[in-house]
Structure formats: C-alpha cells, structure tokens
Amino acid sequence: MSLLEQPKPVFDSYFFFVHRLKTSDPVSFRSTLGSIVKDGKNTKQIDTLVEALSAARAKCFGYFFDEKNRNLDNVNPDDIAGATAEYLSLLRGLVALNSRPQEKVEKSESSTDTIETTTTTSSSSSSSPMPEQPSFEGNPTLKSAVRFTWKTIVGAEKESSFCDAYFDICSILFNQAIWFLGYSSHFVDNKETLDDNARKLAYDYLLKAAGIIDEITFIAPNIQNRPVELSAPVLSALEGQCLAQAEELTIGRAIKQGNSPSLISKLASDTSARYQICYEELNKLSGDPIELRTNRWMNYFRYKQLLYQSVAYYYYGVERNQADGYGEAVACVQNAVTLSKQALAESRRCATTINSSGQTNESSTAKPVKLLSEILNSELTKFVRQNDVIAFQKVPDTPPPLPPPKSLVNPKPFSIPKCNPLWTSEISDSFDISLKKE
C-alpha cells in the first residue's frame, strides 16, 4: 500500500518567507502643496484635500506599524485594504495614470483542483466601495510636487528618495502586498494540522498579494531610475513567490484529498520551476547578494526549488509504482531522497529569516523537508522490497524525466482606485508646479 492510501503521515507542512515592511519619513502635504497654490485660490478646498492626504497616509502607517496590530488575529485585512485604497485615490490626483488594459486571464484546465477563495467587489480589494468616481483623472504636472523618502528592504542603498508620486504609490502598494504575505504565513507556519478555512484564507491573500505586485509592475516604469526593490527582477521574484506559495497549499490539499499522484507530481514540478525562476530573477541583479540583502531570500528559493522537485519525483515514483514500473519507481524515490537532503542543507541557510511569529529557528524552517524525508525513507524501503520480491526490474541509473508541469494559480486582478472626489479640475488648476522651491 502506498502512502497516498494511508491516513498518515501526510506532507502538508509549510514554512513561508516573510519580508519586513518598509518604513517612510513623514510627509508634509500642507507645506509642499500649499507652496504651489496660485494666488490663494480655493484655499478652503485645498486645506480639506491636504488634511485628507495627511490623515489617509497616517492611517495606512497606523495599520502597518501600530503595536496593537501586531496580533494579526485582531486585525481585519479589509480595513487595511480600505485605508490603502483611500490614500491611493488621493495620491492619484498627483499623477495621470492610464487605465491598465484588461488582460485575458487564462483559466485553469481543471478548476475543481483549485482552492475556493473569498470574493471582493472592489477593484482595490477593499470591503468599502469608493464613492462614485468623478471624471477627473489626475494632473501629471504635479507628480514631482512632493518628496517621498522610504527605507528599503532590498538593494545596497538603505534609503530611496524621489520627488515622484508614483514612487509613493508603488511603495504603499508594496507594503500592502508584503502585509498580505505575512498574513497568509500567519495561518500556516508551524501548524501541526491545517484546516480548510485557514488554507483558503492563506491561499486567497497570497493571490491578492500577487495581483498587487502585478499592478506595481505596471506602474513602476513611470519612476525614473527606480530603486532596486521596485526593479523588474525583484517584482518578478516577489510575485513568483506569492504564486508558488499559493500552489504549495494547492498541493497539500490535493494530497489530503487523495488526488492522483500524477496531478500532485505535475503541480509540484510547476512549483519547483516557479521557485527556480524566482532565484534566477534575483540573480540578474548586479552586485553581491549579501550587499543587496537578497542572500537569504535566494537561499529560500533554492530550498523550496529542491524541496518541491523532491515532491514531484516522489509522486511520480508513486505513479510509476502503481503502473507496475517498479524499477523506475525506485529510481524516482532515490532521486527524491537525494534532493530532500540538498533541500535540508539549504533550509539551514535561511533559518534566521523572521516569519510572522517574529522569530524563526532551524526546526521550523526545516520542518517540511524533515517530514518529507520521513515519508521518502519509508516509501523507498517499500518500493525496493516490492521490486526485489515481485518485479525483479532493473533500477535505472537516472530517474525518468518528469511529465510536463501543471499550474492552477493566477494573481487576483487588482487596480488602484480612481481619483478621490476631493480632486476636481478646478482644484487641480489651482496648483502651479513652477512655484515649487527646491
């Protein structure tokens, strides 16, 4: 009897890499925008606008950093999404962001294999829909009116500063995506068992985070000489991480539901390939990984690439065993064991990574691969015995190639809201960027 037919042990254990949130210097919209108002026009309305900008930005950072919000069980993610949407709608008046073309999202071949997720009605993933939107679409001449300074989490430079509203838009969105990543980790890290509701929530927020990063990828090219953490390779790696972690949850669900070894192997193969691509994206950056602060992130990608390649070969071995390919099955599981040992070594290199609980030790980082190793050693003994007693097949020196991978994850579409109603053409025309003092 194979593991797939046994209730225990089951490979459904996770360790997710969680990034730090970015911090930012305070911004005085009153002094910056107030200094470029023409002839004191619309003073009252402009006062209301700058107060709203200041309050909305402070509200976002309150959700991100207030001590009371460190307990994620007490935080409503929709409140964070709503606060972010409110601030972005106000920031959008400083730019002229073209609407993103609707891209056709390919549907999965078998939707029954995906994890059902919650739905939202707002394009910004907020539970509170924005008021009816005006026709005003923003003033591109104002994008350099305010200087924004953010601490970085990737790159040799520890701080980035731009007179560019696009920079603040992307940075706020970056934090929201990182927060969603951490929120998903909160549901799965160090859990002995993962219930269906926790799996669905984690899966949902990973896909939402991927959608947000996808939107940043669309907006970021508007920033001249953008910082490393908003570069194409970093954004690609971050979006890939979101999707790969979501697919991990799909694999765990498929295993627990007793889906076919073929499907599980193909999903694991795709997950492994995604992590490999993430690693290659970060490797495109010019500079030493330690200096760029990408070394542990790259170690994580390498760890997960090896781990899920091992899973893919194991379940392909189960498939070959069930098809009486006993020799090939042994070769597959032998290779899976080798890969799992390599994964264990890599897991130790990212053991100091901080996760959602605030700390990570080697045991939590290595827990998934140690569980897999236990399964593999048991199954390899069984497969060798079956081949020696029943089939007498030659064990190939190398395992057969894996079948083509299968993917069941896509980012949840995301777009920033339209301009806040406090922005009108008349208010926009009250500003003159030529009055700005450097």
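**A tyrosine and its surroundings**

Mentor: Let us begin with Y279, which is found in helix 7, the helix that covers residues 261–283. The model is a predicted one, and what follows should be read with that in mind. Y279 has a relative accessible area of 27%, so Y279 is partly exposed, a value that lies between the 20% under which a residue counts as buried and the 50% over which it counts as exposed. Setting aside residues up to four places away in sequence, Y279 touches M298, F301 and R302. Another relation of Y279 across the sequence is with P233, which is 46 residues away along the chain, while the two C-alpha atoms are 9.7 Å apart in space.

E346 is placed in helix 10, which spans residues 326–349. This glutamate counts as buried because its relative accessibility is 11%, which is under the 20% cut-off.

R293 is found in the loop between helix 8 (289–292) and helix 9 (295–322), and its phi is near 60 degrees, a positive value in a residue that is not glycine. With a relative accessible area of 23%, R293 is partly exposed. N225 has a positive phi as well, of about 55 degrees, although N225 is not a glycine; N225 lies in the loop that joins helix 5 (196–219) to helix 6 (232–256). At 72% relative accessibility, N225 counts as exposed, because the cut-off for that class is over 50%.

The packing of helices can be followed through two pairs that share helix 4. Helix 2 (residues 43–65) and helix 4 (residues 165–188) pack at an angle of about 25 degrees, with their axes 11 Å apart. Helix 2 is therefore roughly parallel to helix 4, since angles under 35 degrees are given that description. The crossing of helix 2 and helix 4 is left-handed. On the side of helix 2 the contact is made by R57, C60, F61, Y63, F64 and F65, and on the side of helix 4 by D168, I172, N175, Q176 and W179. Sorted by class, the contact of helix 2 with helix 4 has seven nonpolar, two polar and two charged residues.

In the second pair, the axes of helix 4 and helix 5 come within 8 Å and cross at roughly 165 degrees. That angle makes helix 4 roughly antiparallel to helix 5, because the term applies to angles over 145 degrees. The crossing of helix 4 and helix 5 is likewise left-handed, and their contact has 21 nonpolar, two polar and two charged residues.

These parts belong to a protein chain with twelve helices and two strands, which follow one another along the sequence in the pattern α-α-α-β-β-α-α-α-α-α-α-α-α-α. Of the 438 residues in the protein chain, 54% are buried. Among contacts in the protein chain with a separation of 6 or more, 83% are between residues 24 or more positions apart. The protein chain exposes about 19,300 Å², of which carbon and sulfur atoms supply 48%.

Definitions and conventions. Residues are numbered from 1 along each chain as its sequence is written. This is a predicted model: local features need pLDDT of at least 70, side-chain atom pairs count only at pLDDT 80 or more; totals for chains, interfaces and linings use all residues. Side-chain values use heavy atoms; hydrogens and water are left out. Helices (H or I, at least four residues) and strands (E, at least two) are DSSP runs, numbered from the N terminus. Buried means under 20% relative accessible area, exposed over 50%, partly exposed in between (1.4 Å probe, protein chains only). Contact means heavy atoms within 4.5 Å. Accessible areas come from the Shrake-Rupley method with a 1.4 Å probe; for residues, only the protein chains shown count as cover. Axes are lines fitted to C-alpha atoms, for helices over the stretch in contact, and angles run from 0 to 180 degrees between N-to-C directions. Angles under 35 degrees count as roughly parallel, over 145 as roughly antiparallel, 65 to 115 as roughly perpendicular and the rest as oblique. A crossing is left-handed if the near helix is turned anticlockwise from the far one by less than a right angle, and right-handed if clockwise. Ala, Val, Leu, Ile, Met, Phe, Trp, Tyr, Cys and Pro count as nonpolar, Asp, Glu, Lys and Arg as charged, and the others, Gly among them, as polar.
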